[in-house]
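Subject: Structure for your review

Dear colleague,

Please find below the sequence and the structure that I am passing on to you. My notes on what was found in it come after.

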Amino acid sequence: MKNWMQFLVLITSITAAGSLLASGGMGEGGGSQMPPVSNVKWKAECSSCHMLYHPGLLPEKSWNKLMTGLDHHFGENASLDTVTRDEITKFLALNSADKQDNRRSSRINQSIPANATPVRISETRYFLSKHDELPASTFKRKSIGSASNCIACHKGAENGNFSESQIRVPR
Amino acid sequence: MRSSFVILGLLYSINVFAATPQALLKEYEVQAKQENSAFSGFSSDRGASFFRMERMHSDGKKVSCSTCHTADPRNQGKTRANKLIEPMAPIVNPQRFTDAAKVEKWFGRNCKDVLERACTAQEKGDYIQYLVNVK
């Protein structure tokens, strides 16, 4: 009986350690990249005009602000019917940077002052510090367009993968 | 009994999800007559000039449908955020004008972006009439 208990404890701890490792490390729990997320309406509605931004790129307060101003969405009318809008807002909130335990989301979130609600990822201190070696002219290249076009250089951006090894800055 | 439900369901779903450009034109015609008792049909020519007509937006930039859709509706367009837009003309993109809700959603957004007001049923009908006539 005692042996059985020991065996059980052993198995449980191996499994726990295994899943910790699989998720990308100790301490921060969620690994360095954002986890895959999916929602059919988010995917359809939020990628018809621009690349699909992972919810882990901004905290809940930012998504809420953005989703209540869709009729003036960075200069364009992107309004949705209320059912669709509410579903997407909920999905974004649930997976937002302040609800994620991956390293990048946490750092983005930590770089935002408590009294600020940015709606542009490219205005967060985290983004600015990560891109400070790039001159403004690079972002203006025709192949890139602007700093909001993550996918021009980070090909895994839509899946939340911004790892160093995946970066290729086009000419 | 059960099969009549199936048929009813089928009819309903066709009505809701799958329209044809012609069916949409009929719906806009009904609306246009309500908006204007002197309505005298849709015009492909009017739709063509509507598609290319530039106006000064209050933000100081000139804008038209063709700003994003290009002057030739058989071409792919591009959004301001660099995303590809499939061609508007059904001759090259048969998916166009087959989903009433989608059509209304985009008229709703884009009319406000370009004209800074809603489009009339007359304008919507002219626009579709022009695009279905593009060969």
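In chain B of this predicted model, residues 24 or more positions apart make up 54% of the contacts that have a separation of 6 or more. Chain B is built from six helices and four strands, and these follow one another along the sequence in the pattern α-α-α-β-β-α-β-β-α-α. Of its 135 residues, 39% count as buried.

The largest nonpolar core has 29 residues, and the members that touch the most others are L24(B), Y28(B), F97(B), F107(B), Y127(B), I128(B) and L131(B). Four helices of chain B, namely α2 (21–35), α3 (44–52), α5 (100–114) and α6 (121–133), each supply at least two residues of this core, and α6(B) gives the most, with six residues. Taking F107(B) by itself, and not counting residues up to four places away in sequence, this residue touches Y28(B), K112(B), K124(B), Y127(B) and I128(B). As background to both, nonpolar side chains in soluble globular proteins tend to be buried together.

Turning to the interface, 10 residues of chain B are in contact with 17 residues of chain A. The two chains, B and A, bury about 1,100 Å² between them, and 38% of that area is on carbon and sulfur atoms. On the side of chain B, K83(B), R109(B) and D113(B) supply 46% of the area that this chain buries against chain A, which is more than any other three residues supply.

The second largest pocket may be of interest to you for your own calculations. About 570 Å³ of space lies in this pocket, and its lining is made up of 29 residues, of which K130(A), H131(A), H154(A), F162(A) and I167(A) lie nearest its centre. By class, the lining divides into 15 nonpolar, eight polar and six charged residues. Three helices of chain A, α5 (103–110), α6 (125–130) and α7 (136–139), each supply at least two of the lining residues, with α5(A) giving the most, at four residues.

L70(A) is found in the loop between α3 (60–67) and α4 (82–94) of that chain, and L70(A) counts as buried because its relative accessibility is 8%, under the 20% cut-off. Leaving aside neighbours within four places in sequence, L70(A) is in contact with E76(A), N77(A), A78(A), S79(A), L80(A) and R85(A). As for R85(A), this residue stands 15 residues from L70(A) along the chain, and the C-alpha atoms of the two are separated by 9.1 Å.

The other residue is T138(A), which has its place in helix α7 of chain A. At 7% relative accessibility, T138(A) too counts as buried, and when neighbours within four places in sequence are left aside, its contacts are with I144(A) and V169(A).

With best regards

Note on methods: Residues are numbered from 1 along each chain as its sequence is written. Chains are lettered from A and ligands numbered from 1 in the order in which they are written. This is a predicted model: local features need pLDDT of at least 70, side-chain atom pairs count only at pLDDT 80 or more; totals for chains, interfaces and linings use all residues. Side-chain values use heavy atoms; hydrogens and water are left out. A nonpolar core is a set of buried Ala, Val, Leu, Ile, Met, Phe, Trp, Tyr and Cys residues joined through side-chain atoms within 4.5 Å. Buried means under 20% relative accessible area, exposed over 50%, partly exposed in between (1.4 Å probe, protein chains only). Contact means heavy atoms within 4.5 Å. On a 1 Å grid over the protein atoms alone, a cavity is a set of points where a 1.4 Å probe fits but cannot get out, and a pocket is an open set with protein on both sides within 12 Å along at least five of seven lines; lining residues have an atom within 4 Å of a point. Grid points are joined across faces, edges and corners, and a volume is the space filled by probe spheres set on the points. Ala, Val, Leu, Ile, Met, Phe, Trp, Tyr, Cys and Pro count as nonpolar, Asp, Glu, Lys and Arg as charged, and the others, Gly among them, as polar. Buried area is the accessible area (1.4 Å probe) that two parts lose on being put together, summed over both.
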